[in-house]
Amino acid sequence: MHEQMEREAKLRGETRAVWATVLCFVVGTLAGMLFLGRDARPLTGEDSLAMPVAAIAGVVAAAAFLTSTLLHRRGETAAMPRWQAVVSDLSSIALTVAFGAVTVMGVLLTAEILAAGLQGLRLAAIGGGLLTGVASAVGGRFAFGAGVDLRTADLAALLFGFLVIGTLFAMVTATDPRWWEENFSQLGSGSWAFNGTLVVAGLLVATVGSYIGRDLHRMLGDAALARIAVVVVLWAATGVALAAVGLLPLHRVPLPHDIAAFATLVLFALAAGRTTSVIPGTPRALLITSVGVGTLVVIAVVLWVPFGLYSATVVEAVVVGLGLLWMATLVRVLAILVPAGSRPSARPSLLP
């Protein structure tokens, strides 16, 4: 009986998601037809479809996530003290922005790929509107589903996917095709795409830190709030530093840019180490990954600095990739250890 009720509940949830997708498609199509006008436009380039389609789809996706969150998780903060509810609400706001940004970047990258394969294609109001509807439906379906039960592992995957999509789009649209001979910061010289990706990625890193804090609280309770707060603050500082890398482009303010980039690496290492120390028992999978990642980072730097076997771009790609690998292991371990239910704090104030 319990399994049947659970199955029926999942089917009802899937039906609701389908209707949400339909609504996103209709809203996106109507908005596209309204804003694109009658004149036929190319997919990319000057006066193209890409940017307005991406903007509309991003707004629809953000609205879908916010609606789903209010629909499925509104009561989650009812039993929480005010400080805990505020942290949860701020995370939801940050994720609303992030889902919109992910959709925008995804549409822009897809438009560049389609333009390369469908050269000469031009669409007017109806065709452009339908294209907008499809983009809105895809982004809206993903965002609506995430609002039902968002886990820390889902956020880490979102961060990884957004970094890949944003970086690829910046590469495709880069004004200097030989940027890779220097470092990734050169990709951000005059490119709003790469710099914007770093800003939103910083927001996501801080939000992932908030969710890690939520998971640790579910495991350890109020007795560990002081240690958990340090973890959350370190992840938030890492996110701020990463966003600063995008807000302070290398070609305009080189020294502050380099300071922000170095601070991001140091803060990430501190946040990772502190998080590992707070998890009780230090699971073997996380310990092995931490040691392995640290060793590989040292090897990559040694092969770069004294021997010069590759450019700084390769080192940066290796370090970021290894950092994301470590984070993937962390969130998978937390998914195994953390209880599923919400855990309201019994403390009326976060301060002792």
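Colleague: Which helices each supply at least two residues of the nonpolar patch?
Modeller: Helix H1 (2-36) and helix H4 (125-148). Helices here are DSSP runs, H or I, of at least four residues, numbered from the N terminus. This is a predicted model, where local features need pLDDT of at least 70, side-chain atom pairs count only at pLDDT 80 or more, and totals for chains, interfaces and linings use all residues. Residues are numbered from 1 along each chain as its sequence is written, and side-chain values use heavy atoms, with hydrogens and water left out.

Colleague: Where does the largest share of the patch come from?
Modeller: From H1, with seven residues.

Colleague: What about valine 18, buried or partly exposed?
Modeller: Valine 18 sits in helix H1. It counts as partly exposed because its relative accessibility is 38%. Buried means under 20% relative accessible area, exposed over 50%, partly exposed in between (1.4 Å probe, protein chains only).

Colleague: New topic. Which residues of H5 are buried?
Modeller: Among them are Leu155, Leu159, Phe162 and Phe169.

Colleague: What is proline 280 in contact with, leaving aside neighbours within four places in sequence?
Modeller: Met219 and Leu220. Contact means heavy atoms within 4.5 Å.
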